[in-house]
Amino acid sequence: MSEQTSIPADPELDPTASYATDQSVIRRLAGLLRASAGTRTTYAPATGQPIAELPLSSPDDVLAAVRSARRAQRGWKNVSLADRAAILLRYHDLVLDHRHELMDLVIVESGKARKQAFEEVAHVAMTARYYGRKAAELLEPQRRSGMFPLLTRAEQRFVPKGVVGIISPWNYPLSMAMADGLPAVLAGNTVVHKPDSQTPLTALRALELLYEAGLPRDAWVPVNGDGPTVGGAIIQNTDYICFTGSTKTGRLIAQQAGERLIGCSLELGGKNPMLVLRDADVHRAAEGAVRACFNSAGQLCVSMERLYVADQIYDSFVTAFLDRVKRMKISAGTGWDVDMGSLVSKAQLETVTRHVENARAKGAVVLAGGKPRPDLGPLFYEPTVLSGVTPEMECFDNETFGPVVSIYRFSDESEAIERANEGEYGLNASVWTRDARRGRAVAAQLVAGSVNVNEGYGATFGSLDTPMGGMRASGLGRRQGVEGIRRYVDPQAIATQRLLPIAASHGIKDEAYAEFMTGALRVLKKFGRA
Ligand code: NAD
């Protein structure tokens, strides 16, 4: 991989000089946390340098956070929907205005490249705009068909759950922190939120902007600390859990939520397949595959870890793909020209290294990459392409969550679909073809919560009006779209009966009433009522 270039750190863009390391900013943000259980230092993955010593929360702090969020919810749910929506629309503008600060924080805390940090800014702004604009359509009470025309007036209301607990991961520290909470507060809930303890500053600055947009402080209370203790206290005390993270943790959370009989949405892992059909534009597909496989160093739940390429174009696709991979700029620099940054943690580096070494030892061929790059930073790993991966290898069907993709050849399209559908996951998939209609037909046969045609993940991720989430072990529930907000409310039916009661009355015998009802039901079916 000597062709891969590293950019020497630009002193003006160096993370140590950014907004994210301004100590007065850090003190101000740390002050937003409900935390009294000591401190922990966080480190910048790309450089290994300390970022901040941040306060940690205890289970008692979580309890206090839930109590104040619960008190706040009583008033917040009565704020008019229009006023709540206006806060989201103001937030849209504030996020865009403060994008550079937010990107600095994302880069320093997660180690990702600037262009990928911008995706998070755009996603949060778009989410705020989408829900801000759709508030009335999604949340105002709706008239529904009553039992009898004219006699039964029925409507459906949407009652907020109460206090929503949000537990978010480090890999999209801005987007995953905010995008799930915005619909929760819009729906009249308040939030207690635990961002991952590697990336709390990003979440705190984003939250500070939401307060500036008009959200009351106690309507979204942040806490900081480890998953089992602080996350566990959130699960035990809130009314609904929105979790994004690994399938392993998701299973634990589902059990705990089940015991309490509260709802949860779980956005979990994937082993996402991309199908490059024989009529695909090879160069566009190769370009798209680079972004889809190596964005955020592959630490993206919807990134591609399996490429299935049609026999007829396999060689030209592999040549075009490897050519681009080898020209990628990987670096700890913070400029726009960096294509891939660092992994986030030692644990991630160990998993990536283990998956590649295991595959290599069992006979896989390393077509590109294949080793750590300590010369660039302590946690860098090269974008890696493997061929000859078989079911005995660890990376065959386990999520790597790193910059490693396995490439396979296929000759029969239905067999490729079958192979893409193997495994326990079903999060995201991608299909490349010049015939969009055919692409959509293939997409409909894939077991995945989202499928992108001629794109890796961005088309569905950015289409806020569509639901996003996983099938099978990739999750429960959906973010985005109607489903992304309705998960936070309990639908309530209110029906008012007029004139005639729904039972035999006025001296009519039960049997006669049953005959009358039988006739009425037949008439209602004939005239098309549900
Ligand atoms: P993780 O499950 O270890 O941690 C995620 C969050 O859960 C963190 O805030 C962590 O502190 C908390 N947590 C951990 N154990 C907990 C417990 N027992 N109780 C309560 N909270 C707990 O996941 P991770 O490894 O940090 O994140 C990467 C994983 O997340 C990958 O598998 C990735 O695919 C998945 N992910 C999925 C999506 C999606 O939308 N489907 C998005 C991003 C990441």
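Two strands are taken to pair if DSSP finds at least two bridges between them, and strands (E, at least two residues) and helices (H or I, at least four residues) are DSSP runs numbered from the N terminus. On this basis, valine 431 stands opposite valine 453 in strand E16. The structure is a predicted model, in which local features need pLDDT of at least 70 and side-chain atom pairs count only at pLDDT 80 or more, whereas totals for chains, interfaces and linings use all residues. Residues are numbered from 1 along each chain as its sequence is written, and side-chain values use heavy atoms, with hydrogens and water left out.

The protein is divided into domain 1 (11–268 + 482–489) and domain 2 (272–468), with bounds that come from an automatic or database domain assignment. The centres of the two domains, taken over C-alpha atoms, are separated by 29 Å. To the contact between them (heavy atoms within 4.5 Å), domain 1 contributes 35 residues and domain 2 contributes 34 residues.

Strand E15 (residues 428–432) pairs with E16 (residues 450–453) in the parallel sense over four bridges. Together with helix H15 (residues 436–443), E15 and E16 make a right-handed β-α-β unit; a crossover is right-handed if, with the strands pointing away from the viewer, the path from the first strand over the helix to the second runs clockwise. Five of the five residues of E15 are buried, so this strand is largely enclosed by the rest of the structure. Here, buried means under 20% relative accessible area, exposed means over 50%, and partly exposed lies in between (1.4 Å probe, protein chains only). From E15, Asn428, Ser430 and Trp432 point one way and Ala429 and Val431 the other way, all of them being buried.

E15 is also joined by three bridges to strand E10 (residues 272–276), and the two run parallel; valine 276 stands opposite tryptophan 432 of E15. E10 is in turn parallel to strand E11 (residues 304–310), with five bridges between them, and asparagine 272 has methionine 304 of E11 as its bridge partner. A right-handed β-α-β unit is formed by E10, helix H11 (residues 282–294) and E11. Seven of the seven residues of E11 are buried, so E11 is largely enclosed by the rest of the structure.

An open sheet of six strands has the order E7-E6-E5-E8-E9-E17, and its pairing is mixed. Strand E7 (220–222) and E17 are the edge strands, each pairing on one side only. Within this order, strand E5 (residues 163–167) and strand E6 (residues 190–194) run parallel and are joined by five bridges, with threonine 190 of E6 as the bridge partner of valine 163.

A nonpolar core is defined as a set of buried Ala, Val, Leu, Ile, Met, Phe, Trp, Tyr and Cys residues joined through side-chain atoms within 4.5 Å. The largest such core has 66 residues, of which Tyr91, Leu139, Met178, Leu186 and Leu210 touch the most other members. Helix H5 (residues 114–139) provides the largest share of this core, ten residues. Leaving aside neighbours within four places in sequence, methionine 178 is in contact with Tyr91, Val124, Ala203, Ala206, Leu207, Leu210 and Trp220. A second, separate core of 63 residues includes Leu277, Met328, Tyr408 and Val442.

The structure holds zero disulfides, a disulfide being a pair of cysteine sulfur atoms within 2.5 Å. For cysteine 264, the closest cysteine sulfur is that of cysteine 242, at 9.6 Å, too far for a bond. Cysteine 264 is buried, with a relative accessible area of 18%, and cysteine 301 also counts as buried, at 16% relative accessibility.

Positive phi values occur in two residues other than glycine, described here in turn. Phenylalanine 401, in the loop between strand E13 (384–387) and E14, has a phi near 55 degrees and is buried, with a relative accessible area of 13%. Arginine 472 lies in the loop between helix H16 (458–461) and strand E17 (475–476). The phi of arginine 472 is about 45 degrees, and this residue is partly exposed, with a relative accessible area of 39%.
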